[in-house]
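Subject: Structure for you, with notes

Hello,

Here is the structure I promised to pass on. Please open it first, then read my notes below.

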Amino acid sequence: MSYLTLKDINKIYPNGYHAVHNFNLEIEKGEFIVFVGPSGCGKSTTLRMIAGLEEISNGEFLINGKRANEMGPREREVAMVFQSYALYPQMTVFDNIAFGLTLQGVDEEVIEEKVKNTARILGLTDYLDRYPRALSGGQRQRVAIGRAIIRKVGVFLMDEPLSNLDAKQRVTMRSEIAQIHRETGATTIYVTHDQTEAMTLADRIVVMKDGYVQQIGTPYELYFKPENVFVAGFIGEPPMNFVRGTVTKGTLTFGTNTLDLSKKLGDRTGQYEGKELVFGFRPESVELGKKEESYQIRADVELTEMLGDNTNVYITTGDDKAILKVDPHDTPEVDAGIDFSIPYSNVYLFDGETEKTIK
Ligand code: ADP
């Protein structure tokens with residue numbers, strides 16, 4: 001039996017807006033689950049239904065196999081960390097972390113021990129006497145997490161907890177959250193619009209769009225086996241390149257290049273004649289020059305961005321555009337021609353109408 005079960009969960013807001021459609025998910029104890037998708041796709045709504053802060057319109061939510069739809073937030077034993085970490089400014093770090101336990105009237109010695117243990121996990125031991133105003137954004141966020149994890153709860157819910165931090169602090173806090181999860185082993189559901197956060201933190205990712213789950217899988221599965229164009233384009237940075245077109249004589253046109261689809265589709269090529277297809281390849285999965293077992297492409301280099309660990313090359317061929325990720329030592333000349341190869345095994349084909357992956 002799974003720890004948390006979401007069965008055909010729907011949310012229809014009082015104004016009639018259908019924000020979440022038939023959400024299904026089984027979560028095991030200790031898992032780190034990330035809900036990811038563009039703003040407005042229903043991530044927070046789903047998280048708030050799990051927290052008990054928002055009513056479930058339809059469907060069933062189970063904790064340890066027991067219906068929890070009607071349980072209040074406390075009864076569900078969840079703790080939530082929000083974007084704005086709302087610490088008490090007049091209280092020290094110690095008192096902020098201890099607050100929930102103090103309210104419950106827990107023994108002072110027990111509180112002291114728990115706060116110290118929590119502070120150790122979060123690297124806040126040296127800051128316990130400080131006030132929030134004397135902390136950096138990242139340290140404040142850690143205190144907010146400390147307040148949540150000090151209570152023994154079953155599930156830890158986080159809604160974009162890093163969005164108020166700058167880019168560098170986000171990277172640091174990201175690895176700290178992973179570390180905290182390893183130490184506490186707490187079942188965690190984490191909401192973000194950032195695919196890098198999702199990929200680096202999650203055991204499993206739920207990709208959402210317009211209130212619908214697009215795919216659920218490990219970071220590896222989402223990257224290598226995307227179910228549709230949306231997931232393929234959402235996971236990975238820079239995103240996957242797509243060339244859209246109508247299949248003509250078993251080929252698709254990529255600018256001035258003709259791609260023989262039978263190399264991917266074999267016997268099935270004929271089935272797609274006259275239909276629209278999407279041809280996808282990742283910027284990092286190309287090779288420079290003309291290689292065997294690959295689509296060999298000729299294009300023009302429009303712009304290059306040398307980033308240190310790699311160079312992004314913006315190419316055009318006819319009206320089509322794409323980005324290639326190459327070794328910085330191979331950075332090509334701008335305004336010159338370039339030959340590159342896309343190994344057949346690195347090409348994804350999608351049905352142009354349903355946008356689903358052709359397997
Ligand atoms: P996300 O967290 O993915 O950004 P939300 O779950 O916050 O998305 O919102 C999903 C959709 O539901 C959005 O279109 C949003 O405008 C809408 N929504 C959120 N709260 C309400 C509400 N109280 N009443 C009506 N619509 C809402």
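Start with a charge and a ring. The charged end of Lys29 lies over the ring of Tyr3, at 4.1 Å from the ring centre. Arg282 does likewise with Tyr223: its charged end sits over that ring, 4.1 Å from the centre. Keep in mind that this is a predicted model.

Next, the aromatic pairs. There are 12 of them in the structure. I picked two to describe.

Pair one is Tyr220 with Phe224. The ring centres are 4.6 Å apart and the planes meet at 40 degrees, so this pair is tilted. Planes under 30 degrees apart would count as stacked, and over 60 as edge-to-face. Both residues belong to helix α8, which covers residues 219-224. They are 4 residues apart, about one turn of the helix. Are they buried or exposed? Tyr220 is exposed, at 55% relative accessible area. Phe224 is partly exposed, at 41%.

Pair two is Tyr295 with Tyr344. Here the centres are 4.9 Å apart and the planes stand at 80 degrees, so the pair is edge-to-face. Tyr295 is in strand β16 (residues 294-306), while Tyr344 is in the loop between β19 (337-343) and β20 (347-351). The pair therefore ties together parts that are 49 residues apart in sequence. Tyr295 is buried, with a relative accessible area of 4%. Tyr344 is buried too, at 16%. Both tyrosines also belong to one aromatic cluster, together with Phe254, Phe279, Phe281 and Phe340.

Now the chain as a whole.

- Secondary structure: 10 helices and 20 strands.
- Extent: the C-alpha atoms fill a box of roughly 75 × 45 × 35 Å along the principal axes.
- Burial: of the 359 residues, 50% are buried.
- Contacts: taking those between residues at least 6 apart in sequence, 67% join residues at least 24 apart.
- Surface: the chain exposes about 17,600 Å², and carbon and sulfur atoms supply 47% of that.
- Charge: 40 side chains are positive and 52 are negative. The centres of the two sets lie 4 Å apart.

Then turn to helix α8 for Tyr220 and Phe224.

Best wishes

Methods. Residues numbered from 1 in each chain as written. Predicted model: local features only at pLDDT ≥ 70, side-chain atom pairs only at ≥ 80, totals over all residues. Heavy atoms only, no water. Phe/Tyr/Trp six-rings, centres within 6.5 Å; stacked < 30°, edge-to-face > 60°. Helix = DSSP H or I, 4+ residues; strand = E, 2+ residues; numbered from the N terminus. Buried < 20%, exposed > 50% of the residue type's maximum accessible area, 1.4 Å probe, protein only. Lys NZ or Arg CZ within 6 Å of the ring centre and 35° of its normal. Contact = heavy atoms within 4.5 Å. Areas by Shrake-Rupley, 256 points an atom, 1.4 Å probe, with all protein chains shown as cover. Lys, Arg positive; Asp, Glu negative; His and termini not counted. Charge placed at Lys NZ, Arg CZ, Asp CG, Glu CD.
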